[in-house]
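The account starts with the nonpolar cores and then turns to individual residues.

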Amino acid sequence: MRPASILEILWPRWAMEPLRLARMPMFAAAACFAAGIALARWNWVPVGCLVWLLVVCVVLTLAALRRALRCALLPSLLLWFIAGMLCMELEPLPLRQQAVVHGADHLRRQISGSIVRVQPLTAEAYEPATIDPETLADDATPQQNLVAIDLALDHVEEVTPDLSRMMPVEGGIRLYVRGRDASVLPSLRCGDALTLAVQMREPERYLDAGVWQFADYLEQQGIAATARVDAAVLHPSPGKGRFSCRVHAWSTWAAGRLQCVVDSRANRMLPAALRLTRDDAGMLSAMLFGDRTLLDHGLRLGFERTGTFHVFVVAGMHLGLLAAMVYMLLPRRLPEGLRVLLTLALATLYALLTGFQPPVQRALLMTGVFLLTRWLARNHSTLNALGVAAIVVMASAPHLLFEASLQMSLLVIVAIGGIAAPLLNRTVQPYLRAASRLRFVQLDTGFPPHLAQFRVLLRMYGRPLGWIFGRSIGRWARSLPAWCVRVVLHVVELAFVSLIAELVMALPMAIYFHRLTLLSVPLNLLCVPLLGVLMPVAIVTFVVSLLWPWLAMLPAAATALLLHAMTSLAQRASYAPAADLRIPPPPVLAIVFAMLVWAACLWLVRTRDRWVWTVVALLPLAMLAVTYPYARHIHPGQLEVTAIDVGQGDSIFVTSPEGQTMLIDAGGPVGSAQTAAASKWDVGEDVISPYLWSRGIRRLNIVVLTHAHSDHMGGMAAVLRNFHPQELWISVDAGSSAFRALLDQVRQQGIVVRRLRAPCLFAWSRVNLRILAPQQNVPNGFAPVNNDSLVMEIDYGQSSVLLEGDAEQQSEATMLASEPLHPVTLLKVGHHGSLTSTTPAWLAALHPHYAVISAGRNNRFGHPRMEVLQRLQMQQVRTWRTDLLGVSTFLLSEDGSVTTD
């Protein structure tokens, strides 16, 4: 029996059928079903049109029945389109949990519920979606934030002026548990009941374009509010364990067994290259069981930058590899149905060990439908089977069509099965089949003449080697040329599959992750085969460790060697300048063009030979359309000042009349550097960068840091990495370690640092800049304070903007005494509207027409203060607030007129 090729394991050989809709109607039906869901989601088809579509469908069906049945395909596809629309319209809306949201008013309320999930929060773990940064306190440190607890509520206290009572509710809350050390944390298990008093709050929503919302992520998990509690108030009582608790317990137990192997004496005796470390256990837990809470931040970032992070995402590829491995290892003498059922049973068991998360559920569902369809269908049509699987998944939850995970899974299927496999079947696959079983000469007659000649040549090249090495190893030596040819062809096959997949996956990578990973093809060429070997070896290590840890040392050493090789490849490649390019999402027309190109490629690869290789030109053209640097969304001839919604922080985006760009501050978590380290939420990466990318911005000319507080500097490192500015402007050299680390990054990137003090006046891109503070005598090297803030005035004709940072009364008084101030068009109110800034004398001197305040919704400082708002109102200043309005844009013309957005 000849060995199966890599492509045949992942994508069987019978996948290369001609693309005829009559032969694969379910593939076309899935496309129409998805189109119906998309149109219903975007409300492109009104209800009246839906009725007319049904009428047209009935008329076409009757005409097909009377005239020609071959025409029945059109009304059937139209019916699938209508079914998709109805499925989307009938999908129940997610539970809004109004009762829980109503209780998130910062009043202390009694709540009761059962524990659904317990997640450790460690300084080494990096799972940004776990943390709500606004929930952390100023004094929070990594040691104080022990766990995050998801609680399914059953009762919430209703508080009125007359009485309070416990009201039944349905919903969820995430509790961030703090404590001085782990010893005060009680034993918490899924299913335990908790009753305690908390101050609930709604998760922060950033009202900026293109920004991922933590609140939406929590809503998908059934969580409507968050709260901070101390570990000492937790007094759990045993409760009923639900099925999800058992699944989570299995996943935790499996990850714990890997940790036991790492901590065993036998493992510590191995050499470093063959020894599993705690970081290795974190990677294996993510790779095998989907638990990424112990995955080191640096390791994760290296794999993200090189486009190989998919090795840690337990979903389609991992489940597919396992199913393919099980299916191929089962004896062929078994009935086909039994092989399929055994494969599904083992895949289901593995899915339960991974925690049975939604991506794994979808992957298991698609794998099951695919295998059952292939088994039950009379003619093996892979695209038919995949069409059925896609329809089942989309019908069960139509909203999944708009999530990145399902879209990327379907695109990978289209890339490999729809485009790469037919091309390889015309080129590499015939030669791979011809290069096997050479000793059976009678098989030559079953090949075309050129392949039969290829087999003869391989035998001829092998005979001299057989004579040289004699009888002992002569038989092996004669097959050496054929073996070398097969290895080369396998490498070409995998490289071609990786290239096609990367060309297609460039679109979702640009839309959802804003990345162009140029090194992903060669790295995946190395990492995917390593993963294909690593997964079975790691599973063997896990299974054997259940019997005896010493017995698991041999597979554990092989696992460590393979894992270290993969990690070393990713980490070394991540330092290359071209490893990770950040790009804006493409416009809608480019997305439509790419989808049309893919549809054309699906058809062209199955046509006559002269058109086949047109795909080689079309796919790079589609990728070019996706990654092309389109025009930025700016306003030439006007001075734009935009206050970005970064919560309780500052970030101002400025574009000059000539199109030069400047970012002043980059937001960040409120509090100390420890708070920023604990949160793992990077406002520069997750809020500011997506907003700038939504504007088509790829590079910034200037970045300004007003002062070194975390709510102004926290996102600066990510902004510098993503947008590579020419200059960084600062005022006071702070003595904090975070500020020094930022300057080290600036030096490594080759960014020019410009230190500005008052008085200073200079021109920049058709506008005049005047530095008003800090003064020359402000000392360097001390802890940052608000009065270090760089205060800057921008003048453009008769329009002017004053950006105050966090300057307080002392700095305002100094500016009033040192330089004459004139009225300004727009004022960025100091220190988020605190009472420590914006004095009456300051407002009287500036007399602004417009003002903007950057503050977080329901922040614990009470910003902006009512007294400051009243001062602005008395001066008849039109005031914008990011906590209420979100991102606020002001377009200033040279004649002094202002347009707001």
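A nonpolar core is here a set of buried Ala, Val, Leu, Ile, Met, Phe, Trp, Tyr and Cys residues joined through side-chain atoms within 4.5 Å, where buried means under 20% relative accessible area. The model is predicted. Its largest nonpolar core holds 41 residues, of which L276, F289 and M566 touch the most other members. The elements that give two or more residues to this core are α7 (243–263), α9 (278–289), α11 (316–329), α12 (336–353), α13 (358–376), α19 and α20. In soluble globular proteins, nonpolar side chains tend to be buried together.

Nonpolar residues also occur on the surface. W253, M269, L546, L547, W548, W550 and L551 make up a nonpolar patch there, and their accessible area together is about 820 Å². One of these residues, L551, sits in the loop that runs between α19 (520–545) and α20 (553–574). L551 counts as partly exposed because its relative accessibility is 48%, and the limits for that class are 20% and 50%.

The side chain of S731 reaches two backbone oxygens: that of T706 at 3.1 Å and that of D788 at 3.0 Å. Leaving out residues up to four places away in sequence, S731 touches L705, T706, L756, R757, P774, D788 and L790. D733 is found in the loop between β12 (727–730) and α28 (737–749) as well. Its side chain makes a polar contact of 3.1 Å with the side chain of R755. Beyond four places in sequence, the contacts of D733 are F739, R755, N780, G781 and F782.

R755 also falls within the residue range of strand β13 (752–755), the strand in which V753 lies. V753 has a relative accessibility of 28% and therefore counts as partly exposed. With residues up to four places away set aside, V753 touches L728, I730 and V746. V753 and V703 are 50 residues apart along the chain, and their C-alpha atoms are separated by 9.8 Å.

P774, one of the residues touched by S731, is in the loop between β15 (767–773) and β16 (791–796). The peptide bond leading from A773 to P774 is cis, with omega near 0°. Another cis peptide bond joins H863 and P864, with omega about -10°. P864 is located in the loop between β19 (850–853) and α31 (866–874).

R437 is not a glycine, yet its phi is positive, at about 55°. R437 lies in the loop between α16 (428–434) and α17 (449–478), and counts as partly exposed because its relative accessibility is 38%. R766, also not a glycine, has a positive phi of about 70°. The loop that holds R766 is between β14 (760–764) and β15, and R766 is partly exposed, with a relative accessible area of 45%.

V898 and S799 are 99 residues apart in sequence, while their C-alpha atoms are 8.4 Å apart in space.

Notes
Residues are numbered from 1 along each chain as its sequence is written. This is a predicted model: local features need pLDDT of at least 70, side-chain atom pairs count only at pLDDT 80 or more; totals for chains, interfaces and linings use all residues. Side-chain values use heavy atoms; hydrogens and water are left out. Helices (H or I, at least four residues) and strands (E, at least two) are DSSP runs, numbered from the N terminus. Buried means under 20% relative accessible area, exposed over 50%, partly exposed in between (1.4 Å probe, protein chains only). Contact means heavy atoms within 4.5 Å. A polar contact is a pair of N or O atoms within 3.5 Å; within protein, one must be able to donate a hydrogen and the other to accept it, and residues adjacent in sequence count only if both atoms are side-chain atoms. Patches are made of residues with over 30% relative accessible area and no salt bridge: like charges are joined within 9 Å, nonpolar side chains (Val, Leu, Ile, Met, Phe, Trp, Tyr) within 5 Å. Accessible areas come from the Shrake-Rupley method with a 1.4 Å probe; for residues, only the protein chains shown count as cover. A salt bridge is a side-chain nitrogen of Lys or Arg within 4 Å of a carboxyl oxygen of Asp or Glu.
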